[in-house]
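I opened my notebook to look up a few spots in this model. Here are my entries, in the order I made them.

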Amino acid sequence: MNERIEELLELLTSRDNSQAYQALKALEEVSAESNCLYPHMDEFIAMTGSSNSYIRTRGLALIAHNAKWDVDDKIDGIIDGYLEHITDEKPICARQCIKLLPLLAEAKPALAPKIVSALRDANVARYADSMRPLVQKDIRNSLLAIEHVRASA
């Protein structure tokens, strides 16, 4: 299993985006069941600073999917940087970040107010007219999902 995980982790930064996406999906499944990826959290955090938006997105996803295992509060230390991706230069990356925030808020309830505030304050004017309504809808949906999680807690 460990060898397979190492292989999947290497594929995350592959030039073959289809292969990298399949690795991401497999790693997300592993994250749902086990904390075995948590030791790689610093790698996921580093991925969010990549110049490649696909790699940034994969890092954001794996951070969110491993948030429930964050016993060292690493996410608390990088939350401001994470939230900057709400208005990532690439709207696809921004949309994925926004969609992951309810998962992050559920796993880290203490961060929920900061997440909600960042979503409400997000300036999406930088996006083309074709993308702006989609990003705004994602923000609304994430805010509703976070409020639902907070209400049922």
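I began with a polar contact (N or O atoms within 3.5 Å, one able to donate a hydrogen and the other to accept it; sequence neighbors count only if both atoms are side-chain atoms). A polar side-chain atom of His 85 lies 3.3 Å from the backbone oxygen of Thr 48. The model is predicted: local features need pLDDT of at least 70, side-chain atom pairs count only at pLDDT 80 or more, and totals for chains, interfaces and linings use all residues. Residues are numbered from 1 along each chain as its sequence is written, and side-chain values use heavy atoms, without hydrogens or water.

Next I placed His 85 in the loop between α5 and α6 (91–107); helices are DSSP runs of H or I, at least four residues, numbered from the N terminus. Is His 85 buried or exposed? His 85 is buried, at a relative accessible area of 11%; buried means under 20%, exposed over 50%, partly exposed in between, with a 1.4 Å probe and protein chains only. I listed contacts of His 85 (heavy atoms within 4.5 Å). Leaving out residues up to four places away in sequence, His 85 touches Thr 48, Arg 56, Leu 60, Cys 93, Ala 94 and Cys 97.

Two cysteines there made me check for disulfides (cysteine sulfur atoms within 2.5 Å). I found zero in the structure. The sulfur of Cys 93 is 6.9 Å from its closest cysteine sulfur, in Cys 97, so the gap is too far for a bond. Cys 93 is buried at 1% relative accessibility, and Cys 97 is buried at 0%.

Last, I noted that Leu 60, Ile 63 and Ala 64 in α4 meet Ile 75, Ile 78 and Tyr 82 in α5.

How values were computed:
Helices (H or I, at least four residues) and strands (E, at least two) are DSSP runs, numbered from the N terminus.
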